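Trainee: I am new to this structure. Could we go through its side-chain contacts step by step?

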Amino acid sequence: MPGKLKVKIVAGRHLPVMDRASDLTDAFVEVKFGNTTFKTDVYPKSLNPQWNSEWFKFEVDDEDLQDEPLQITVLDHDTYSANDAIGKVYIDIDPLLYSEAATVISGWFPIYDTIHGIRGEINVVVKVDLFNDLNRFRQSSCGVKFFCTTSIPKCYRAVIIHGFVEELVVNEDPEYQWIDRIRTPRASNEARQRLISLMSGELQRKIGLKVLEMRGNAVVGYLQCFDLEGESGLVVRAIGTACTLDKLSSPAAFLPACNSPSKEMKEIPFNEDPNPNTHSSGPSTPLKNQTYSFSPSKSYSRQSSSSDTDLSLTPKTGMGSGSAGKEGGPFKALLRQQTQSALEQREFPFFTLTAFPPGFLVHVGGVVSARSVKLLDRIHNPDEPETRDAWWAEIRQEIKSHAKALGCHAVVGYSESTSICEEVCILSASGTAAVLNPRFLQDGTVEGCLEQRLEENLPAGCGFCHIPYDELNMPFPAHLTYCYNCRKQKVPDVLFTTIDLPTDATVIGKGCLIQARLCRLKKKAQAEANATAISNLLPFMEYEVHTQLMNKLKLKGMNALFGLRIQITVGENMLMGLASATGVYLAALPTPGGIQIAGKTPNDGSYEQHISHMQKKINDTIAKNKELYEINPPEISEEIIGSPIPEPRQRSRLLRSQSESSDEVTELDLSHGKKDAFVLEIDDTDAMEDVHSLLTDVPPPSGFYSCNTEIMPGINNWTSEIQMFTSVRVMRLSSLNLTNQALNKNFNDLCENLLKSLYFKLRSMIPCCLCHVNFTVSLPEDELIQVTVTAVAITFDKNQALQTTKAHVEKSLQRASTDNEELLQFPLELCSDSLPSHPFPPAKAVTVEKTSPMGEGNFRNRSAAPCANSTVGVVKMTPLSFIPGAKITKYLGIINMFFIRETTSLREEGGVSGFLHAFIAEVFAMVRAHVAALGGNAVVSYIMKQCVFMENPNKNQAQCLINVSGDAVVFARESELEVVSTQQPAANCQPACTGGEVTT
């Protein structure tokens, strides 16, 4: 499908002064696509040139349109010397290639230079004319839509979900080529930026081709990453889920629809999903049992692969036969067989989605993960992707066999990541093993009657918790009880998952963010020795991270984790582990027992006293947490239970542990220690440290909640006030006498202080919830720890917290009236939306808090306008897949941008804080400009995938690479759809609030 690309350069504004003599600039523009370059005329002596060029036409193949970015370079004309570059704009043409997408890209783009940052803006218009060409052998994949969002996009319906697509592209890194010695830093950075945008274009096209082969038309949950491998090259890799999507005709039906209309209405604009990981807190050695379920060690994978065959054959009927009640048995077996056959055609039955159409997820088996350590300098021909392909295939195979061992045939919420330090690279993959409904997996849907029967049989709200594996040959020891909801099926006592909470799950109370943080020193070593040291440390780290998560979950009085993300980062002399998840109390799972401390050291009185003091502190904390998160499960009375029940002794225990008064907690722990409580054995100082660290986690100030999933469990009345922020902290460690304890404490404090500073800056938004809190930790150099956090703060209405959907009608009216006020209450969103704060070393933590150059003033004049029309002047940005109080009406394409910024005057630019802050603010400005040029007014599913920072303080130099992506969308406020004129008077008297202090 060849096409014609047409570009028009209209004008420039705010250009920098390039000509010292006249304080002006003689600017002209070079437009380059592929190997063709056009130039505009020189516009003499002006900082705001008006070129109004004719249309430059490029005749190109559509595969070039997908691979190549359009490059626009602004230069200053010099008569006698070489022309000076002012800056560049890269425009991705891909959004113009969809059938229903934008037809033109037109707007003001910031002119970006890798040394000086943004230097003025340029107004460009771009159009594409495609000729239809039905060539079967073409290499392009125009028309396949890409979405970053990990749920089915809001205005589409999933017809079929085909499955996993992945691809990787390798190239030499321009930074490490010999020519770099004579090349300027600017040329080197630009070569890198250009190469990466070329590679990501090629990657997207190749993935698109795979999707077309599967007969799909979209990729959802598209995740693209860069691995900077130093001298062995630069890898760009991506994974996603191929789907066939159908656009929903009526704009009102922006709920992810599914085939059963009754459920459709229940679906709120956000889906969520579960990943239970079962592990025991059972009798004797609770911790030992857990290891199997998580860190699949060698013995575990061997065991699972040996039993692969019988697992896949026998349990088809046996496993599920009970789960749908008596008459459901044969249906269940049939369902399992159908799903299995639907999935067996695929090499990897993985799904990168974390939220699903209703009815898609049947059971969840638990978290599965695999890691492997590789040496980069052992790659024979670095430019061939085969080696890395083989590495990833090996890990995916392992994940697949773990899922099979859990009696599951698919993995959902799947993601992959790497951590590279010099020549050692850790590859990680994780997901949640699950059993899926075949309806979405193949063209011929299940016969109607069967489907109806199934939906009646599956108990709502707890079906996903029921164990998918066979009770008799369980892959690891776990503690099972009957489901507290339906009393028919067995459930584990704890669930760990990597997905969002399913929409229909019954949750008691609210959720909270639970983090496990860990540092381990390692000796500095070379190549092979280094890799060996790291692989020896990994299983222990993973085990400790899980133990910590488990303890913190019990301490919060909760019994399930969602959105679990474990990162293990490798540095020159240490390894860091950071796990974040959202803890919730699922009504279907048993009440967690307390935590009991058992000491093994000399039995002198003071020690005993100390232990009982600790025990009291722990019990108090648990009671306090239950109050804070409103966890009060209902008492279970004899009559309700009725159906199958555990043996009498156990039943009394269940009832007892259900009553939550704090004085009973201690008694319960002692009398049922063997069964119920989670025993922490203190046999050395390390264990003591662990207990202390458990108790030092500070709960968020009142009015704040936080979670790392899309939506906070237990809160459902969001207002439309949202505020996204990104914060980066870099901490330098003193290398004198570092021990593991000191390191852990430093790292813990760093994360806690970061959260505290966010709560402080957002204090004017109370009551509010931080959603999608995404922590990324990296070790850019020796003794440097860098933590980046992106999140969005959403206010909710406290008075409505108790009402649920009964008051739905009133609520939507109330919402409509508050909506327009909200719009103004936070007028600074324009600039403050997402500025980063970067305090540097702990000693002199500077938090940059200036709003962007646009002050509040010029916003006040506009403050009355936004109510009347739906085009808000600001492009909203959020990491969520939806905008509270608004409907997404159109997806315009994926935004995927990569920027490099370098400076040789770090101190003058305000040190690390100033440099990073300015750079991130510029990245936001460029993302917004691109979205606005496409005709969009928001970015959803925004994610900063990489932020690599390197500095050389002695030379006053620093360099930073940032990679961001998201979906450009058009949204309309619900209030604008319903009420437009009525609130204007109210809105005008709303004072423009001082948003400045809220920026982070």
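Mentor: We start with a definition: a charge sits over a ring if NZ of Lys or CZ of Arg is within 6 Å of the ring centre and within 35 degrees of the ring normal. Keep in mind that this is a predicted model.

Trainee: Over the face of which residue does Arg13 lie?

Mentor: The distance from Arg13 to the ring centre is 3.9 Å, and the cut-off is 6 Å. The ring in question belongs to Trp108.

Trainee: How far is the charged end of Lys6 from the centre of the ring of Trp55?

Mentor: Lys6 has its charged end over the ring of Trp55. Here too the limit is 6 Å from the ring centre. For Lys6 and Trp55 the value is 5.7 Å.

Trainee: How many aromatic pairs does the structure hold?

Mentor: Rings pair if their centres lie within 6.5 Å. The count for the structure is 22.

Trainee: Is the pair of Tyr156 and Tyr891 stacked, edge-to-face or tilted?

Mentor: The two ring centres are 6.1 Å apart, and the planes of Tyr156 and Tyr891 meet at 55°. Planes under 30 degrees apart count as stacked and over 60 as edge-to-face, so the rest are tilted. The pair of Tyr156 and Tyr891 is therefore tilted.

Trainee: How many residues apart in sequence are the parts that this pair ties together?

Mentor: Tyr156 belongs to strand S10, residues 156–171. Tyr891 belongs to strand S29, residues 886–903. The pair therefore ties together parts whose separation in sequence, in residues, is 735.

Trainee: Is Tyr891 buried or exposed?

Mentor: Buried means under 20% relative accessible area. Tyr891 has a relative accessible area of 5%, so Tyr891 is buried.

Trainee: Which helix and which strand does the pair of Phe915 and Phe949 tie together?

Mentor: Phe915 and Phe949 form a tilted pair, 6.4 Å centre to centre with 45° between the planes. Phe915 counts as buried at 0% relative accessibility, and Phe949 counts as buried at 0%. Phe915 lies in residues 911–933 and Phe949 in residues 938–952, so the parts tied together are helix H20 and strand S30.

Trainee: How many disulfides does a search of the whole structure find?

Mentor: A disulfide is a covalent bond between the sulfur atoms of two cysteines. The search covers the whole structure, and the number found is zero.

Trainee: Which cysteine has the sulfur nearest to that of Cys769?

Mentor: Cys769 is buried, with a relative accessible area of 0%. Its nearest cysteine sulfur is 3.7 Å away, whereas a disulfide needs the sulfur atoms within 2.5 Å. Cys769 is in no disulfide, and that nearest sulfur belongs to Cys771.

Conventions: Residues are numbered from 1 along each chain as its sequence is written. This is a predicted model: local features need pLDDT of at least 70, side-chain atom pairs count only at pLDDT 80 or more; totals for chains, interfaces and linings use all residues. Side-chain values use heavy atoms; hydrogens and water are left out. Rings of Phe, Tyr and Trp (its six-membered ring) pair if their centres lie within 6.5 Å; planes under 30 degrees apart count as stacked, over 60 as edge-to-face and the rest as tilted. Helices (H or I, at least four residues) and strands (E, at least two) are DSSP runs, numbered from the N terminus. Buried means under 20% relative accessible area, exposed over 50%, partly exposed in between (1.4 Å probe, protein chains only).
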